[in-house]
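Subject: Structure handover

Hello,

Here is the structure I promised to pass on. Please open it alongside this message, and my notes follow below.

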Amino acid sequence: MTTTSPRRPGAVTAGGGNGAPAPRRATISERTLRTDRWWVQPALVALTLLAFVVYSTFRAFQNAYYFAEPYISPFYSPCIATGCQDDTFPHFLNGPSFISPALYILVFPLGFRLTCYYYRRAYYRSFWLSPPACAVGEPHRRYSGETRFPLIFQNLHRYFLLASLLFNVILTYDAILAFRDQTGAWGHMGVGTLVLLANATLLWCYSLSCHSCRHVVGGRLNNFSKHPMRYRFWTLVSRLNTRHSRFAWVSLFGVALTDLYVFLVASGTITDLRFF
Ligand code: FES
């Protein structure tokens, strides 16, 4: 025989507190009752992402002005095709020279950003209006989540994370090479060195603050006290993780501005200021 404990007077139940069936959700004919300018944020996100896509697409297809000894643009690094202007990485792809070297590697940074949990939220809201903002009705009638083609590919994020870590190592290597001068002699530094260093640092912060990284470092553990090293890494990554959205934006601007700097130096528009 089963027994149930008597309900306390005033106890709240799923049905609304009086034991009656839960009421249906309120039917609101308005798309939203919000009176603030809720559309500003999704609009700004859409404009910023569009601007980045237009700029990066132009630069990736331009196939020029991406190397100014000793600096290389992050859009073209690692430059692994034989048509590369640089000498920073082994060229082992024998593709036709009219194909920009940036196109060979584009899928990795692009895939990492596209499948990022933070960017998903941003572009689902801004481009698909799904939903456009909190407490604002969405135009779509059905929601199938990320269980079907093409959104099921979002689950590749953890693999893109591994690729992004490799890219970060390469971009850090590029930043170290930037401590040379135009003749290849070591022990020199210019504004470009600082720009490449800042870019690599921001990309490390973005990758290490990734939700998947946090799971890789500290996930699936039942007992942190038995894994003190992983606990320390997990604590560090968790701290970074609280700023992930900020790192996502700052590193995006960082990549674009680093490329722009190399472009301006390589095209002769500006001269790199050398400190020593
Ligand atoms: S969640 Fe944003 S990079 Fe992984």
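**Surface patch**

F149, I152, F153, L156, Y159 and L162 make up a nonpolar patch on the surface, together holding about 660 Å² of accessible area. Patches are built from residues with over 30% relative accessible area and no salt bridge, joining like charges within 9 Å and nonpolar side chains (Val, Leu, Ile, Met, Phe, Trp, Tyr) within 5 Å. Areas come from the Shrake-Rupley method with a 1.4 Å probe, and for residues only the protein chains shown count as cover. One member, Y159, sits in helix α5. Y159 is exposed, at 52% relative accessible area; here buried means under 20%, exposed over 50%, and partly exposed in between (1.4 Å probe, protein chains only).

**Before you read on**

This is a predicted model, so local features need pLDDT of at least 70 and side-chain atom pairs count only at pLDDT 80 or more, while totals for chains, interfaces and linings use all residues. Residues are numbered from 1 along each chain as its sequence is written, and side-chain values use heavy atoms, with hydrogens and water left out.

The largest pocket has a volume of about 770 Å³. Of its 35 lining residues, F52, P109, L110, R113 and L252 are the closest to the centre. Two or more lining residues come from each of α1 (40–62), α2 (102–105), α3 (107–114), α4 (117–126), α5, α6 and α9 (244–266). Of these, α1 gives the most, with 8 residues. Helices are DSSP runs (H or I, at least four residues), as are strands (E, at least two), numbered from the N terminus. The lining comprises 27 nonpolar, 7 polar and 1 charged residues. In this scheme Ala, Val, Leu, Ile, Met, Phe, Trp, Tyr, Cys and Pro are nonpolar, Asp, Glu, Lys and Arg are charged, and the others, Gly among them, are polar.

The second largest pocket holds about 350 Å³ of space. It has 14 lining residues, with S130, Y143, S144, G145 and L151 nearest its centre. Its lining divides into 6 nonpolar, 4 polar and 4 charged residues.

On a 1 Å grid over the protein atoms alone, a pocket is an open set of points with protein on both sides within 12 Å along at least five of seven lines, a cavity is a set where a 1.4 Å probe fits but cannot get out, and lining residues have an atom within 4 Å of a point. Points are joined across faces, edges and corners, and a volume is the space filled by probe spheres set on them.

**Cavity**

The whole structure has 1 cavity of 30 Å³ or more. The largest cavity contains about 50 Å³ of space, and its lining is I72, P74, L171, D174, L196, N199 and A200. Both α5 (157–177) and α6 (191–208) give two or more residues to that lining, and the largest share, 3 residues, is from α6.

**Salt bridges**

There are 5 salt bridges, each a side-chain nitrogen of Lys or Arg within 4 Å of a carboxyl oxygen of Asp or Glu. R59 pairs with D259, with the closest N and O atoms 2.7 Å apart. Because R59 lies in helix α1 and D259 in helix α9, the pair ties together parts that are 200 residues apart in sequence. Both residues, R59 and D259, are buried.

R34 forms a salt bridge with D36, also with 2.7 Å between the closest N and O atoms. R34 is partly exposed at 30% relative accessible area, and D36 is partly exposed at 41%.

For R274 and D272, the closest N and O atoms of the salt bridge are 3.0 Å apart. R274 is partly exposed at 25% relative accessibility, whereas D272 is buried at 9%.

Best wishes
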